Amino acid sequence: AFLNFLEGQLQIDLGLQNQPGQDSYYFNAEVRAGASKSPEQVTRCLESDPATTATSTATLGGTNFNVYQESSSGMSQYARVMSYRTIHNDACFAIESLITGGGTGTPPADPSHSPELIAQAERVTTELIKTFKFEN
């Protein structure tokens, strides 16, 4: 599981995906936001997963977040995750961009591996994440 070692309550999941049918590919791009007040999860909130480290920091709506990245590919599939984490009001908050795709071919027959499509999904999910702001 990518960067999802935290156990918390999913607050929102916004996604875009194609519907697999007769095409032999899939593509999904989504933004997830969740939170946990569990003391164990709050303690671990800003720790790195075994497979990744914090790559940078970002300020979203005036709040500082640690940013983690991970990607994986194999068996004609890939996943790219960008996770933003912070502690706010004694809770761990995670906002994640998750882009996945797979298929048996190469572009244009298999658009799920199109660098342009992946870059566009990364831009859109990042812009959506940049709008995040705590109200309290």
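I take contact to mean heavy atoms within 4.5 Å.

**Entry 1. The model**

I note that this is a predicted model, in which local features need pLDDT of at least 70, side-chain atom pairs count only at pLDDT 80 or more, and totals for chains, interfaces and linings use all residues. Residues are numbered from 1 along each chain as its sequence is written, and side-chain values use heavy atoms, with hydrogens and water left out.

**Entry 2. The protein as a whole**

I looked up the secondary structure and found 2 helices and 6 strands. Helices (H or I, at least four residues) and strands (E, at least two) are DSSP runs, numbered from the N terminus. Read from that end, the order of the elements is β-β-α-β-β-β-β-α. I then looked up burial, where buried means under 20% relative accessible area, exposed over 50%, and partly exposed in between (1.4 Å probe, protein chains only). Of the 136 residues in the protein, 40% are buried. Among contacts between residues at least 6 apart in sequence, 55% join residues at least 24 apart.

How many residues of E6 are buried? I found that 13 of its 13 residues are buried. In a regular strand the side chains alternate between the two faces of the sheet. Both faces of E6 are covered: one side includes Phe 93, Ile 95 and Ser 97, and the other includes Cys 92, Ala 94 and Leu 98.

I next looked up strand pairing, which requires that DSSP finds at least two bridges between two strands. E6 pairs with E2 in the antiparallel sense over 12 bridges. E5 and E6 also run antiparallel, and 12 bridges join them. Strand E2 (residues 25-36) has 10 of its 12 residues buried, so E2 is largely enclosed by the rest of the structure.

**Entry 3. Ser 97**

Ser 97 is found in strand E6, where Ser 97 is the bridge partner of Val 31. Its relative accessible area is 6%, so Ser 97 is buried. Leaving out residues up to four places away in sequence, I list its contacts as Glu 30, Arg 80, Val 81, Met 82, Thr 125 and Ile 129. The side chains of Ser 97 and Thr 125 are joined by a polar contact of 2.8 Å. A polar contact is a pair of N or O atoms within 3.5 Å; within protein, one must be able to donate a hydrogen and the other to accept it, and residues adjacent in sequence count only if both atoms are side-chain atoms.

**Entry 4. The disulfide**

I found 1 disulfide in the structure, a disulfide being a pair of cysteine sulfur atoms within 2.5 Å. Cys 45 and Cys 92 form it, with their sulfur atoms 2.1 Å apart. Cys 45 lies in the loop between helix H1 (39-44) and strand E3 (54-60) and Cys 92 lies in strand E6, so the pair ties together parts that are 47 residues apart in sequence. The torsion about the S-S bond is about 70°, so the disulfide is right-handed. Cys 45 is buried, because its relative accessibility is 0%. Cys 92 is also buried, at 3%. In E6, Cys 92 is the bridge partner of Ser 36 and of Ile 87.

**Entry 5. Asn 89**

Where is Asn 89 found? I located Asn 89 in the loop between strand E5 (77-88) and strand E6 (91-103). This hairpin has 2 residues between the strands, and Asn 89 takes a positive phi near 50°. Asn 89 is partly exposed, at 43% relative accessible area. Its side chain makes a polar contact of 3.4 Å with the side chain of His 88.
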